[in-house]
Amino acid sequence: ITIWGPRNEHFRQFISPEGKILIPQVGEIQVDGLTITRLRERLTEEIARVFFDARVDATLIQLRHFRVYVLGDVWRPGGYAARVVDRVDQLIDRAGGLLPTASSRSIEILRDGKVAELSDLQKFRVEGSLNHNPYVRDGDVLLVRPRTAEVSVHGAVWVPGDVEFRQGDTIAEAIHLARGMRPEAFRSAVELVRFNKDQLTTSSQLLDLGKPDGA
């Protein structure tokens, strides 16, 4: 932290586990959850209360490390060091990756014993959206549950095979997870095959996914 003006100082300071920083002659300032830009503004606001016309700059030297537990269907369950810039997939990798039986679409992020967020790494890999691969926080527990259901997508899609099914998924969603239809796909005659109640015989129907409501 560098201060110019009526008071010229340059010093290093740690942020406490409670998210506070101590500035001599000013006191403790709550800074947790702030970006670096907002941190500079907050420090300037607080220091200006004591030292008129002071200018402040702040630089982050080192990220704080904390512990996150990865449990369930991973190769090496346990606690792992993490930082605020780490995401769910990085902690899963540190735990050796997912077991073949694991769900990659419903990874629970527990905070204070409750499910705070869900991570869908299969969608993250398909879409690249970081919303499906959130940051971890101090004290998080990542719980990887077994996969409970799958659907098979075959034919003119880019990656045919089994994809994990999550309650509420549509047929279009399953095709999306198979990387979508190839250009030669016949969209107006997509065959849906389901097992009957006896779990031995099947029934099928043709769907027109070329229509807006075809999902």
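Since the model is predicted, local features need pLDDT of at least 70 and side-chain atom pairs count only at pLDDT 80 or more, while totals for chains, interfaces and linings use all residues. Residues are numbered from 1 along each chain as its sequence is written, and side-chain values use heavy atoms, with hydrogens and water left out.

Start with helix α1, residues 36-48. (Helices are DSSP runs of H or I with at least four residues, strands are runs of E with at least two, and both are numbered from the N terminus.) The 13 residues of α1 reach 18 Å from the first C-alpha to the last, close to the 18 Å expected at 1.5 Å a residue; that expected span is 1.5 Å times one less than the number of residues. L39, L43, E46 and I47 are the buried residues here. They sit on the same side of α1, because they cover an arc of only 95° around the axis, taken from the directions from the helix axis to the C-beta atoms. Buried means under 20% relative accessible area, exposed means over 50%, and partly exposed is in between (1.4 Å probe, protein chains only). The partners against which the buried residues of α1 pack are β1 (2-4), β3 (20-23), β4 (27-30) and β5 (55-57). Contact, here and below, means heavy atoms within 4.5 Å.

Next come the pockets. A pocket is an open set of points on a 1 Å grid over the protein atoms alone, with protein on both sides within 12 Å along at least five of seven lines, where a 1.4 Å probe fits; lining residues have an atom within 4 Å of a point. A volume is the space filled by probe spheres set on the points, which are joined across faces, edges and corners. The largest pocket comes out at about 1,300 Å³. Its lining has 34 residues, and I15, L60, Q62, L63 and R64 lie nearest the centre. Helix α1 turns up again here: along with β6 (65-72), α1 gives two or more residues to this lining. By class, the lining of the largest pocket splits into 17 nonpolar, ten polar and seven charged residues. (Ala, Val, Leu, Ile, Met, Phe, Trp, Tyr, Cys and Pro count as nonpolar, Asp, Glu, Lys and Arg as charged, and the others, Gly among them, as polar.)

The second largest pocket holds about 750 Å³. Among its 29 lining residues, S152, V153, I171, E191 and L192 lie nearest the centre. Two or more lining residues come from each of β11 (150-153), β12 (161-164), α4 (171-177) and β13 (190-195). This lining has 18 nonpolar, four polar and seven charged residues.

Now for some single residues. S104 lies in the loop between α2 (88-94) and β8 (107-111), and counts as buried at 7% relative accessibility. Leaving out residues up to four places away in sequence, S104 touches L98, S119, D120, L121, Q122, R125 and E164. L71, in strand β6, is partly exposed at 33%.

Finally, D112 has a positive phi, near 55°, in a residue other than glycine. D112 lies in the loop between β8 and β9 (114-119) and is exposed at 80%.
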